[in-house]
2 protein chains.
Amino acid sequence: MSKCIDFYFDYSSPYGYLASERIDDIAARLGYTIIWRPMLLGVIFKVTGQGPLTETPLKGEYSVRDFGRSAREHKVAYQHPDKFPIGAIAASRATLWLRDNIDPDLKARTGDFIHALYRAYFAAGQDITDATVIAGIADSLAIDSQTLQLAISTQAVKDALRLEVEQAITAGVFGSPTMMINGEPFWGHDRLEQMERWISSGGW
Amino acid sequence: MSKCIDFYFDYSSPYGYLASERIDDIAARLGYTIIWRPMLLGVIFKVTGQGPLTETPLKGEYSVRDFGRSAREHKVAYQHPDKFPIGAIAASRATLWLRDNIDPDLKARTGDFIHALYRAYFAAGQDITDATVIAGIADSLAIDSQTLQLAISTQAVKDALRLEVEQAITAGVFGSPTMMINGEPFWGHDRLEQMERWISSGGW
């Protein structure tokens, strides 16, 4: 049994953001490693026939109310973005390029990069589909933004994201965040506690 | 501020069942009263455009797996029904007839009746759309089944259910269970803990 949490997320997902702000502490408590898995809900929704949470009548209003309420409970800064949802393709490609980088120093900055992007979008009102915003975040973490821009336009990195999304679908992922523990899926920010109990107790 | 938990549920909802098995203890701890609110997701789905959880690709497989997993965690007996989902119109009408009954002795049996119906469907493999099953459950609780059968075929009780569902939609209910605390909605079995923290702390 690996001691890994596969953390599937979409950059446009409020609950993905909230969970990303809590998962480091949880993983540290458990002695688990996080494997960051950016994916694109837009592609997955074509398989499931679903759509963005906020566009469903009744559920949409509840969701927007709950984003802020759940953020306040966990003392996470949250400001619902004006431009929502987004298709964060460049940000997702950049994340994969970092995560799978041959340079261990760059690789090690993956988590920080994800947190910075998520906070830019959900707390600082920035548009993370904008290449200059992504470049600014990269530079602030000493990741050369010119190298990054070149890398994410290569076919190899484009293919990496396509394969990552296909892998997520094969694994049964349909929503963000999904935490997978040795094949056991937990969907939703509100399942972090259950996931932690599952790992701590060895399952039930 | 009333000390009430409006508990909206559909008899066909596994998460409604799981929550119903835990809500009495939670309400007792908090000193709150449960107001049982049966509703029909089939009607609500026409407003939201959603469908049964188990019929969504990927999400459906996760859900069935999670019903049993969440039941085991909370030591609730669960056996996924062969006939699923159902439209439990008669059971819902019977519940309203009891809940709003002028006879306080009958009224007081509402919770027991709900638990018995839910357990019959989700733990004992019974078909609670069958009038004889409902009658058997009523009789076992000393609720005269002939009176009940007559009552639920009256226009007044039919109207009561229709109004109850309309009221649920007006209140913003889109899923089962939904717990409403003085207008603050909590959707899902997995939000019981958050709801309890909200009430205990006075909100945030």
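**View 1. The largest nonpolar core has 51 residues.** In this predicted model, the residues with the most contacts inside that core are I5(B), Y11(B), I23(B), F113(B), I143(B), L148(B) and M195(B). As background, nonpolar side chains tend to be buried together in soluble globular proteins.

**View 2. Here's the neighbourhood of M195(B).** Skip the neighbours within four places in sequence, and M195(B) is in contact with I5(B), I23(B), I26(B), M179(B), I181(B) and F186(B). There's also a second, separate core, with 50 residues; among them are I137(A), L148(A), A151(A) and M195(A).

**View 3. Helix 1 of chain B packs on helix 6 of chain B.** Helix 6 covers residues 110-122. The two axes sit 10 Å apart, at an angle of about 135 degrees, which makes helix 1 of chain B oblique to helix 6 of chain B. The crossing of these two chain B helices is left-handed. On the helix 1 side, look for P14(B), G16(B), Y17(B), S20(B), E21(B) and D24(B); they meet H115(B), Y118(B), R119(B) and F122(B) of helix 6.

**View 4. Chain B can be laid on chain A.** A turn of 180 degrees with a shift of 0.0 Å along the axis does it, giving an RMSD of 0.0 Å. The two copies are thus related as by a two-fold rotation axis. To find that axis in chain B, go to D190(B): its C-alpha is the nearest, 3.3 Å away. As for the interface, 100% of the interface residues of chain B are also interface residues in chain A, so the copies meet through the same surface.

Key: Residues are numbered from 1 along each chain as its sequence is written. Chains are lettered from A and ligands numbered from 1 in the order in which they are written. This is a predicted model: local features need pLDDT of at least 70, side-chain atom pairs count only at pLDDT 80 or more; totals for chains, interfaces and linings use all residues. Side-chain values use heavy atoms; hydrogens and water are left out. Copies are superposed by least squares on the C-alpha atoms of residues with pLDDT of at least 70 in both. Contact means heavy atoms within 4.5 Å. A nonpolar core is a set of buried Ala, Val, Leu, Ile, Met, Phe, Trp, Tyr and Cys residues joined through side-chain atoms within 4.5 Å. Buried means under 20% relative accessible area, exposed over 50%, partly exposed in between (1.4 Å probe, protein chains only). Axes are lines fitted to C-alpha atoms, for helices over the stretch in contact, and angles run from 0 to 180 degrees between N-to-C directions. Helices (H or I, at least four residues) and strands (E, at least two) are DSSP runs, numbered from the N terminus. Angles under 35 degrees count as roughly parallel, over 145 as roughly antiparallel, 65 to 115 as roughly perpendicular and the rest as oblique. A crossing is left-handed if the near helix is turned anticlockwise from the far one by less than a right angle, and right-handed if clockwise.
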